[in-house]
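I opened my notebook to look up a few things in this model.

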Amino acid sequence: MTFTQMLAAAWQKNNSLLCVGLDPDPAKFPAHLKGRDDAIFEFCAAIVDATADLVCSFKPQIAYFAARRAEDQLEALIAHIHEKHPGIPVILDAKRGDIGSTAEQYAVEAFGRFQADAVTVNPYMGRDSVDPYLAYPDKGVILLCRTSNAGGSDLQFLDVGGEKLYERVAGLSARTWNSTGQISLVVGATFPAEIARVREIVGDMPLLVPGIGAQGGDIEATVRAGRTADGTGLMINSSRAILYAGQDENFAAAARQAALETRDAINRYR
Ligand SMILES: O=C(O)c1cc(=O)[nH]c(=O)n1[C@@H]1O[C@H](COP(=O)(O)O)[C@@H](O)[C@H]1O
């Protein structure tokens, strides 16, 4: 099954456009996990098990694991998701981008080592820097287009021959680069007008939309701007607002409640 098929099935099965982001920061862990060698795995696996029936995808952010020499725990976590919650796609958020020969190694890392179903990629270096990921026909390649941070406008809003750079990325992705149907785009929830513009350019292509929750993006505006005609098309990510909804031993139950409320808030506007 391809990433796109898995995603479509998860949208339906869990009636959810919510992607739970796994950005584990040990400083924010409940006291009983602090100091344990496997704390990152235990924390994330508990969140995954508590929310897996409420999401369309999980998105571990590699920096939170690599910064603490915990890539082995990331491998174990992704294996855990595949084994215990088959059918829920895993997006490795790594925002890679490099010349083709190096991109080949990043692709092996994401799809071979970590067994992710999709990876985030920075398209700034152009088509040949994206091709090595597309060589894995079952995998998703999610390109940064209009990011959620304020500084995203520094480059993505530049005029490039009568259109903005993010519009060029969307247009190239949809019309030229996506011959295999593997590409999705990142568009921040903090910019609903641009979500609508990207949707206009790319048709029904799936969009990864971070920026609700801790970054303050508006759920109603996001869904109305980005949903497709059948009420899907979005992976709306929330990380901190779900991971750290509770601070004690009951953190996973608190995360479940936050995920449930977020999924239902999203569904109100589909
Ligand atoms: O590619 C991403 O996931 C991403 C793109 C973007 O434009 N903005 C953005 O916040 N992200 C990621 O989405 C997550 C947002 O986390 P919260 O703000 O805690 O919900 C982080 O893992 C970011 O790295």
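I count two rings of Phe, Tyr or Trp as a pair if their centres lie within 6.5 Å, taking the six-membered ring for Trp. The model I am looking at is predicted.

**Aromatic pairs.** With that rule I get five aromatic pairs. I picked out Phe-43 and Phe-251, whose ring centres are 5.0 Å apart. Their planes meet at 10°, so I noted this pair as stacked, since planes under 30 degrees apart count that way. I then checked where the two partners sit in the chain: Phe-43 belongs to helix α2 (residues 39-51) and Phe-251 to helix α12 (residues 251-267). They are 208 residues apart, and the pair links distant parts of the chain.

**Where the ligand is.** Next I asked which pocket holds the ligand. I found the ligand in the largest pocket.

**The shell around the ligand.** I listed 17 residues around the ligand, and Asp-23, Ser-148, Gln-215, Ser-239 and Arg-240 come nearest. By type, the shell has five nonpolar, seven polar and five charged residues. I also looked for strands here: β3 (91-96) and β8 (234-238) each supply at least two residues of the shell.

I looked at oxygen atoms of the ligand. Ser-239 takes part through its backbone, with a polar atom 2.9 Å from an oxygen atom of the ligand. Last, I noted the cover: on its own the ligand has 500 Å² of accessible area, and the protein covers 90% of it.

Technical notes:
Residues numbered from 1 in each chain as written. Predicted model: local features only at pLDDT ≥ 70, side-chain atom pairs only at ≥ 80, totals over all residues. Heavy atoms only, no water. Near = heavy atom within 4 Å. Polar contact = N/O pair within 3.5 Å; in protein donor to acceptor, adjacent residues only side chain to side chain. Areas by Shrake-Rupley, 256 points an atom, 1.4 Å probe, with all protein chains shown as cover. 1 Å grid on protein atoms, 1.4 Å probe; cavity = no way out; pocket = protein on both sides within 12 Å on 5 of 7 lines; lining within 4 Å. Sits in = over half its atoms within 2 Å of the grid points. Helix = DSSP H or I, 4+ residues; strand = E, 2+ residues; numbered from the N terminus. Nonpolar A, V, L, I, M, F, W, Y, C, P; charged D, E, K, R; others polar. Phe/Tyr/Trp six-rings, centres within 6.5 Å; stacked < 30°, edge-to-face > 60°.
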